[in-house]
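Student: I have a structure open and have not looked at it before. Can you walk me through a few parts of it?

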Amino acid sequence: MSLMADACSVMHAKMLPVKNLGFNHSGSRIFSNLSFGNNTPTSLPCLSLSKEKQQHSNYNHNVIGMSGRRATKLNAAVIPLEAAEVRLDVPVKVEKLYTTTVVSVETLVGPKGGLGEVCHIVLDHGGSFCFTEGQYLIVHFQSIKRYFSIASCSSGDTFDGKTLSLCVRRAELLPDSVSNFLCNVKAGDTVEISGPSGGKMVFEEDRKINSKHIMVATATGVAPFRSNIQRIFLTNLLGNTDNIWLISGADNYNSLLYDKEFTQIQNGNIERFRYQRALNNSVDDSIYGSGDEIFTLLNDGAYIYIAGSNTMLPGIKDTFAKIAQERGVDWPKMLEELQKNNQWRVEVY
């Protein structure tokens with residue numbers, strides 16, 4: 001998330017599914033409407049991002065319909081963004097610069113070299129750049145500095161502790177555009193970075209065992225979530241029993257980021273990982289359709305993380321207000337309590 005980043009290259013890790021530790025606890029119906037096969041893989045084959053660009057036509061699980069088809073319309077007033085929800089400006093003073101080497105660049109979706117292209121970029125830092133899953137870094141290009149979320153776990157996509165990944169959407173074609181620069185780099189080129197920064201998408205160190213985490217993302221906003229998901233499910237983290245529900249928004253199947261990877265992780269961890277696609281950018285509809293489940297989980301101590309373009313946040317907040325109204329819940333009071341308990345985490349660009 002670049003404000004744009006996301007990541008993936010080739011995965012080399014075995015997954016250890018944990019049985020009977022899912023969302024399916026008393027008081028929650030989060031998995032009640034899902035149907036999974038009985039063949040749960042115990043290892044993750046090598047993942048190639050190149051195949052994610054192909055057309056997906058035959059899916060029969062967890063697909064959310066288009067917003068135009070919903071009978072219920074959300075008519076509450078749009079709620080403005082708060083300062084704490086938007087990433088701050090890049091600091092003028094940078095303590096240390098790290099020179100990284102480009103390992104690979106791959107177009108995930110969009111026309112290669114054109115506006116809207118999303119590239120997966122792997123950088124080799126040689127083990128010198130330490131960060132926590134969910135953080136972001138600063139890319140330095142000429143005199144420009146720009147934030148990008150880190151999309152890999154702290155061990156990198158190849159789990160050697162020497163690389164990290166970014167998922168960058170080409171938003172401009174200007175020569176001095178940082179996103180354009182990153183999408184144009186080639187293996188062997190160097191990229192200067194600094195950081196890391198940020199903590200809103202970082203999991204609480206003292207969180208309860210078997211914690212529930214609801215992640216809502218649009219497009220490259222999925223980057224910090226992939227970082228955390230890799231750490232939880234692909235690094236054989238001993239003693240981890242966190243449960244993840246990922247709602248990922250995209251225009252269509254072709255623009256879903258890391259769809260194949262998330263699907264494989266879900267198939268290997270069906271009790272602990274739920275992957276829900278919100279196509280046609282119907283994130284609001286996905287939240288509204290699962291309103292009872294989400295509110296039940298939040299009341300039970302779950303965390304919710306929202307990341308993506310700032311244009312999506314007012315609609316999401318509007319949807320929560322609508323759900324609360326229909327349930328007879330004082331949403332401003334509930335939101336204040338969630339923020340106080342650090343359960344409501346938002347970071348948009």
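Predicted model: local features only at pLDDT ≥ 70, side-chain atom pairs only at ≥ 80, totals over all residues.

Student: Which way do β9 and β10 run, and how many bridges join them?

Tutor: Strand β9, residues 243-250, and β10 run parallel, and seven bridges join them. Between β9 and β10 the chain passes through helix α3, residues 259-268. This β-α-β crossover is right-handed.

Student: Is β10 mostly covered or mostly open?

Tutor: Mostly covered. Strand β10 spans residues 273-279, and seven of its seven residues are buried. F273, Y275, R277 and L279 point one way from the strand, while R274, Q276 and A278 point the other way.

Student: What does R277 pair with in a salt bridge?

Tutor: With D259; the side chains of D259 and R277 meet at 2.6 Å, N to O. The pair links distant parts of the chain, since D259 is in helix α3 and R277 in strand β10, 18 residues apart.

Student: Why do D259 and R277 count as buried?

Tutor: The cut-off for buried is under 20% relative accessible area. D259 has 2% relative accessibility, so D259 counts as buried. R277 is at 0%, so R277 counts as buried too.

Student: How many salt bridges are there by this rule?

Tutor: The count comes to eight salt bridges. In general, side chains of opposite charge can pair when their charged atoms come close.

Student: Are D157, R226 and E261 buried or exposed?

Tutor: D157 counts as buried because its relative accessibility is 1%. R226, at 0%, counts as buried. E261 counts as buried at 1%.

Student: Back to α2. How many residues does it have, and how far does it reach?

Tutor: Helix α2 has twelve residues and reaches 16 Å from its first C-alpha to its last, which is close to the 16 Å expected at 1.5 Å a residue. The helix is mostly covered, with eleven of its twelve residues buried. Among the buried ones are F225, R226, I229 and F233.

Student: What do those buried residues pack against?

Tutor: The buried residues of α2 pack against β5, β8 (212-218), β9, α3, β10 and β11 (303-308).

Student: What follows α2?

Tutor: N236 follows α2, and its phi is positive, near 55°.

Student: New topic. Where does T163 lie, and what is it in contact with?

Tutor: T163 lies in strand β6. T163 has 7% relative accessibility, so T163 counts as buried. Leaving aside its neighbours within four places in sequence, T163 is in contact with residues including V103, H125, S152 and D157.

Note on methods
Residues numbered from 1 in each chain as written. Heavy atoms only, no water. Buried < 20%, exposed > 50% of the residue type's maximum accessible area, 1.4 Å probe, protein only. Helix = DSSP H or I, 4+ residues; strand = E, 2+ residues; numbered from the N terminus. Pairing = 2+ DSSP bridges. Right-handed = clockwise from strand over helix to strand, strands pointing away. Salt bridge = Lys/Arg side-chain N within 4 Å of Asp/Glu carboxyl O. Contact = heavy atoms within 4.5 Å. Expected span 1.5 Å × (residues − 1).
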